[in-house]
Amino acid sequence: MRVLVTFLLMAVLPSGAYAQYPWGYIPYNPGYRAYPPGYAPYHPPSSGTPSSLAQDMLAAHNAVRVRAGVPPLVWSAALAAVAQQWANNLIATNSFYHRPDNRYGENLYSISGGAASPADVVAAWAAEARGYDVRSNTCAGVCGHYTQLVWRATKTVGCGVATDPEREVWVCDYDPPGNIIGYRPY
């Protein structure tokens, strides 16, 4: 069944852009920290005001949340640092999977051969809303990125993006985390 769903999703999703799926993860190796030759991790500026990326990502998140009738999120520089570190790690290790034992909620996005804007990234996650049935609180396909995005109890978000010549990886972390089994997002 998972293979069939994977092939169906591959046929539906745009080439080169996909969200994280809960199967087929590669093993996590916490000791591996080497960056490819010529590449270094991105470290966002540490000013007191949110960067343009932060402002744009927060605005995109909150636009989706308003449509769902849930309170807006607040940007967290601490969560952004955690997300940035994980995005750097995914680029450095040429991998794409959720941080193991993460205490935060997390959404991932990757695109190959191009670049995405914060609006593009959040729109990809928000598009999963069509697979979410509010009445039964179930998903037809993948909708966990959407439900995390609109999880009512979530208060803060922080995101990071890392690139190499072939791809771009986006990570957003959420606190408190959503997608708690048995509970509804809103």
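**Confidence first.** I reminded myself that this is a predicted model, so I began with pLDDT. The protein has a mean pLDDT of 82, with 73% of its residues at 70 or more.

**Helices α2 and α4.** Next I turned to α2, residues 52–68, and α4, residues 118–126. Their axes come within 9 Å and cross at roughly 30°. Angles under 35 degrees count as roughly parallel, and α2 and α4 are therefore roughly parallel to each other. I noted the hand of the crossing too: it is right-handed.

Which residues meet where α2 and α4 touch? From α2 I listed Leu53, Asp56, Met57, Ala60, His61 and Val64. On the α4 side they meet Pro118, Ala119, Val121, Val122, Trp125 and Ala126. Sorting the residues of this contact gave me ten nonpolar, one polar and one charged.

**Disulfides.** How many disulfides does a search of the whole structure find? I got two. I wrote down the details of one of them, which joins Cys139 to Cys143 with an S to S distance of 1.6 Å. The angle about the S-S bond is -40°, and the link of Cys139 and Cys143 is left-handed.

Technical notes:
Residues numbered from 1 in each chain as written. Predicted model: local features only at pLDDT ≥ 70, side-chain atom pairs only at ≥ 80, totals over all residues. Heavy atoms only, no water. Axes fitted to C-alpha atoms, helices over the stretch in contact; angles between N-to-C directions. Helix = DSSP H or I, 4+ residues; strand = E, 2+ residues; numbered from the N terminus. Parallel < 35°, antiparallel > 145°, perpendicular 65-115°, else oblique. Left-handed = near helix turned anticlockwise from the far one by under 90°. Contact = heavy atoms within 4.5 Å. Nonpolar A, V, L, I, M, F, W, Y, C, P; charged D, E, K, R; others polar. pLDDT = per-residue confidence, 0-100. Disulfide = S-S within 2.5 Å.
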